[in-house]
Amino acid sequence: MRWTQAFIPTLKEDPKDAEVVSHKLMVRAGMMRKVGAGIYEYLPLGWRVIQKVAQIIREEMNRAGAQELLMPVLSPAELWRETGRWDVYGKELMRLRDRHDHDYVLGPTHEEVITDLVRREVRSYRELPLCLYQIQTKFRDEIRPRFGVMRGREFLMKDAYSFHATQEDLLRYYELMRETYIRIFARCGLETRVVVGHSGAIGGRVAHELMVLADSGESCVLACPDPACGYTATDETAEGTVPPGREETEALLPLTEVATPGKETIEEVAAFLGVPTTQCVKALLYRCDDKLAVVFVRGDRDVNAVKLHSLTGANDVEMAGPEFLATKRASGVVPGYCGPLGITPDFVFFDLTVQRLRHGVIGANKPGWHCTHFCAERDLPGATYLDLVRHVAGDLCPQCGTPMTTFRGIEVGNIFQLGTKYSDAMRATFLNADNVEQPFIMGCYGIGVTRTVAAAIEQHHDEEGIIWPRALAPFDILIQPLDVKQAEIMEVARQLEEGLTARGYEVLMDDRDAKPGFKFKDGDLIGVPLRVTISPRTLGKGGVEVKRRVDKGATLIPVEGAVDAIIRVYESCP
């Protein structure tokens with residue numbers, strides 16, 4: 001491919017709306033352009049990288065025995081109503097209505113569609129296990145699209161679905177998919193970790209996520225540093241033990257009301273009473289669908305809304321606003337002064353951090369007043385305590401008790417054990433070996449293809465641009481003749497181009513009549529693994545220069561035998 005014939009519209013400046021490196025570089029390198037909020041066109045250079053990722057996925061999924069198909073982007077609402085997700089999925093579900101007033105969905109995922117297909121076509125256990133996958137456009141109506149393709153509304157995804165006759169067979173295949181995902185991302189040149197994940201709107205009790213390690217990652221991951229343990233989970237799903245705020249040795253005193261006029265936040269109350277926030281009990285008020293939940297945690301900690309979602313079974317969980325709280329006055333909850341004694345909301349939950357308090361501060365459930373000397377064991381007899389907080393670095397590992405560390409990650413893949421969630425709802429059954437009808441046992445496995453491209457850039461870049469892992473690069477080798485008007489230079493460039501192409505390498509020749517510095521900057525920006533430079537200076541020395549993108553310096557090699565030498569250097573690229 002000649003640069004003068006290619007469509008690679010590079011830019012010098014970062015796009016104004018870009019916040020992360022991958023978004024900036026994908027636009028500047030001419031890989032994509034924005035059409036609307038969270039919606040992008042993928043230009044030839046970007047599409048070549050996307051196809052590289054997709055091909056690795058195909059090869060490994062086929063190796064695992066999965067079969068590729070293609071399902072429609074648009075699916076009828078009736079299927080979503082069967083599973084209840086028409087009402088449950090939330091505002092991210094893009095709902096449409098056709099000219100006949102029939103409701104449809106732009107698929108964010110395809111559990112309903114694939115389950116409908118299999119229930120119509122598969123009747124016997126002899127046809128199981130079965131795994132079907134597709135690589136296709138998905139749409140989720142994100143409330144705030146950001147970070148380029150990492151949090152877009154339209155994106156390319158590989159989604160796979162497996163069907164099994166027994167739970168044991170699902171577990172076997174789940175482990176096979178875990179190993180398959182590890183191979184996929186290793187082949188992509190990405191450093192990843194498998195972590196305990198949250199199933200969210202997909203469902204199922206067991207889920208894991210594949211995280212690309214990157215400082216810019218949206219996800220916070222907690223990990224046990226003890227290699228013999230290896231516990232790793234997102235902060236949405238992590239369990240653990242919160243270390244005590246202080247040693248509790250003083251004698252107990254009676255619960256005492258104290259005036260705290262105008263002090264509504266934990267920080268204000270703690271400062272006013274001269275106690276640390278670890279000695280205060282924080283009341284967090286949530287609207288769970290149409291019900292009020294009050295969660296009590298230690299003053300220095302925050303509630304994990306994912307855990308609250310699981311406890312209440314609510315579709316929507318969010319902080320309760322004034323209008324909603326006004327409808328719940330009969331509960332006795334007083335915002336800013338809420339305590340655990342004498343209130344009657346729909347749900348009351350106590351975190352384990354509250355259980356250990358003996359000299360705590362709680363709200364008195366009347367404006368301007370708190371209570372001191374709170375002791376959970378004495379003042380809340382019979383209360384149930386749960387792990388409800390979002391864990392942080394320093395909390396103790398739930399498996400071995402070692403203080404955990406944190407790192408940032410980008411979720412690029414996830415696997416779920418769905419069980420019979422969809423087959424029960426959609427009456428998708430088969431006949432087992434005893435000729436008895438039973439629901440399919442299902443698994444689900446997703447990879448964000450375009451997100452993987454962005455994650456690769458987040459993990460592999462420098463101040464000059466992208467540094468593609470060899471497996472994902474849009475081209476293998478960039479040939480840069482520095483004076484395209486000199487016949488000798490262009491003849492050497494042409495011979496190298498033909499020789500490398502004949503050996504199966506993808507070559508981009510920068511045949512633009514431009515200054516060397518301009519061409520070098522563009523070359524570094526698009527991140528091709530190996531650059532070959534031909535100039536009057538190099539030919540004067542009888543050779544051409546080769547430079548790996550990951551290196552600072554270049555090496556001179558003789559023109560004679562240059563193709564073989566270039567290939568050897570290319571094969572050493574990461």
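Visitor: Which residue just after α1 takes a positive phi?
Guide: Gly30 does, with a phi of about 70 degrees. Bear in mind that this is a predicted model, in which local features need pLDDT of at least 70 and side-chain atom pairs count only at pLDDT 80 or more, whereas totals for chains, interfaces and linings use all residues. Residues are numbered from 1 along each chain as its sequence is written, and side-chain values use heavy atoms, with hydrogens and water left out.

Visitor: Why is Met31 called buried?
Guide: Buried means under 20% relative accessible area, with exposed over 50% and partly exposed in between, for a 1.4 Å probe and protein chains only; Met31 has 1% relative accessibility and therefore counts as buried. Met31 is placed in the loop between α1 and β1 (32-36), helices (H or I, at least four residues) and strands (E, at least two) being DSSP runs numbered from the N terminus.

Visitor: What does Met31 touch, not counting residues up to four places away in sequence?
Guide: Taking contact as heavy atoms within 4.5 Å, Met31 touches a set of residues including Met26, Leu45, Val453, Ile457 and Trp468. Met31 and Trp47, 16 residues apart in sequence, are 7.3 Å apart in space, C-alpha to C-alpha.

Visitor: What makes α1 mostly covered?
Guide: Six of the eight residues of α1 are buried, namely Ser22, His23, Leu25, Met26, Val27 and Arg28. These buried residues pack against β1, β2 (39-42), α13, β25 (461-462), β26 (465-466) and α15 (516-526).

Visitor: At what angle do the axes of α1 and α13 cross, and why is α1 called roughly perpendicular to α13?
Guide: The axes, which are lines fitted to C-alpha atoms, for helices over the stretch in contact, with angles from 0 to 180 degrees between N-to-C directions, come within 8 Å for α1 (residues 21-28) and α13 (residues 449-459) and cross at roughly 105 degrees. Angles under 35 degrees count as roughly parallel, over 145 as roughly antiparallel, 65 to 115 as roughly perpendicular and the rest as oblique, so α1 is roughly perpendicular to α13. Val21, Ser22, Leu25 and Met26 of α1 make the contact with Val453, Ala454, Ile457 and Glu458 of α13.

Visitor: Why are α2 and α6 called roughly antiparallel?
Guide: The axes of α2 (residues 44-63) and α6 (residues 167-187) come within 10 Å and cross at roughly 150 degrees, and therefore α2 is roughly antiparallel to α6.
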